[in-house]
Amino acid sequence: MDPIEIGLWVTGGLLVMVLMGMRVAFAAALAGLVGLLLIFWSRRGFDPEHFGWAITVAAKTAGQVPHSKVASQSLSLIPTFILIGYLAYYAGLTKALFEAAKRWLAWLPGGLAVSTVFATAGFAAVSGASVATAAVFARIAIPEMLKIGYDKRFAAGVVAAGGTLASLIPPSAILVIYAIIVEQDVGKLLLAGFIPGAFSALVYGSLIVGIAMIFKNVGPPVTGFTWGQRFAALPPALPILAVVVIIIFFVYNPFGEKSWGTPTEGGAIGAFIVFCMALYKGMRWSQLKAALLETAKLTVMIFTIIWGVLIYVRFLGFADLPGAFSDWITSLSMSPMLILIMILLAYAVLGMFMDAIGMLLLTLPVVYPAVMALNGGETVSAADSAFGMSGTMCAIWFGILVVKMAEFCLITPPIGLNCFVVAGVRDDLSVQDVFKGVMPFFVADAFTIAGLIAFPQIVLWLPSLA
């Protein structure tokens, strides 16, 4: 077997292991180790006498990956962003944000659900974890919606779908992972997520209003808040906005000079500010301990996936599967835009069987070079490109599209993680209830992705200014 054949067989085995229920981290690490063994052994003609040598070299090669790749300053963004979200919850900022959104938006048809979506978007601006966002608002928003007669499935679907916004709105752990895998600027990618995230929230809100207008019993409006009550709800919610502004100013420096620090340092400063706010609000030791433990659990899960998948990625490099896939993609007679849409549809299907982070880590080493080749290469100018943008801008645009597809995967059956989280928090809801509740939001996500493809400037305007 040549390296390409080994790559295809090992990748097929990896998919089988994942579909059988094996954790992505362990399946990828095993596939990568076996693949490296076969690659090195093939160089000795699969001679049984050289099997020991091949497995030694493969083990050493795989063993170098976790430290060499994960000992990166960029990855330290992830725990700080996650910690910001949990500290904000224990500081009471989440509840204040939801209360402000409720007083200003609850008068709309389905207004409490719309308030939930915009509150999750606000919380996403200080939390990089979709799972944490869904868990927090399942405790805060669902009881409020059920109290005034919302359909429980619809209420659960709103929270599960709203939680996905944390994948796109900075600070986003998935965007950081994408930037590291494809070796692009983390700061520009985070900046690129703001407008698409707000656009996605607006689409969700519009969908909810439309559903509530058609089906009157789904989400009744809430009235009776005075203008004084609305303005009184704003000051408690302002600290979240302040944290976002401080991080943006620190990382991007809108005054035109060099940035004051890296995104990692900005995340650390944001976590410290929210920690001080939490102490001021009276956070107890038990709450701080819970926030640190939840942050550690989620961080370890993400890093374990990264370790395992990077071993597989190292094997892909030896097998040259990304290069072969790029050559095949560019040889197709279809238009580049049609091929891109087919790739995104493949992500939608793959996301039904894999978690978002694992899916991106496994596919990007192969898919990203192919998409860049479709556009004309890493160094192509906008004038000579297939998608009308330079290589750098194409990398950012594709990153936002892929992360939006990862959001979609967080609510698709059978393993939509946000749906399981919401059902786990609420004893009165089954996973099936939550999956039924999120179904209308598939239409909203499809509309959002279509908008980002048709109008790339929604993604690229802010990064072009940085």
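Tutor: Gladly; we will set each value against its definition.

Tutor: This is a predicted model, where local features need pLDDT of at least 70, side-chain atom pairs count only at pLDDT 80 or more, and totals for chains, interfaces and linings use all residues. Residues are numbered from 1 along each chain as its sequence is written, and side-chain values use heavy atoms, with hydrogens and water left out.

Student: How do you know that the span of α19 agrees with that of a helix?

Tutor: Helices here are DSSP runs of H or I with at least four residues, numbered from the N terminus. The expected span is 1.5 Å times one less than the number of residues. For the 19 residues of α19 (residues 391-409) that gives 27 Å, and the end C-alpha atoms are 27 Å apart, so the two agree.

Student: What makes α19 largely enclosed by the rest of the structure?

Tutor: Buried means under 20% relative accessible area, with exposed over 50% and partly exposed in between (1.4 Å probe, protein chains only). Of the 19 residues of α19, 18 are buried, so the helix is largely enclosed.

Student: Why is threonine 412 called buried?

Tutor: Its relative accessible area is 2%, and the cut-off is under 20%, so threonine 412 counts as buried. Threonine 412 lies in the loop between α19 and α20.

Student: What lies 3.2 Å from a polar atom of the side chain of threonine 412?

Tutor: The backbone oxygen of cysteine 409 does.

Student: How do you know that the largest pocket lies between domain 1 and domain 2?

Tutor: Domain bounds come from an automatic or database domain assignment. Domain 1 (1-71) and domain 2 (74-297) both give residues to the lining of the largest pocket, so it lies between them. The C-alpha centres of these domains are 40 Å apart.

Student: Which helix gives the most to the lining of the largest pocket?

Tutor: That is α15, with nine residues. The lining has 43 residues in total, with Val131, Leu298, Met301, Asp355 and Leu417 nearest the pocket centre.

Definitions and conventions
Helices (H or I, at least four residues) and strands (E, at least two) are DSSP runs, numbered from the N terminus. On a 1 Å grid over the protein atoms alone, a cavity is a set of points where a 1.4 Å probe fits but cannot get out, and a pocket is an open set with protein on both sides within 12 Å along at least five of seven lines; lining residues have an atom within 4 Å of a point. A polar contact is a pair of N or O atoms within 3.5 Å; within protein, one must be able to donate a hydrogen and the other to accept it, and residues adjacent in sequence count only if both atoms are side-chain atoms.
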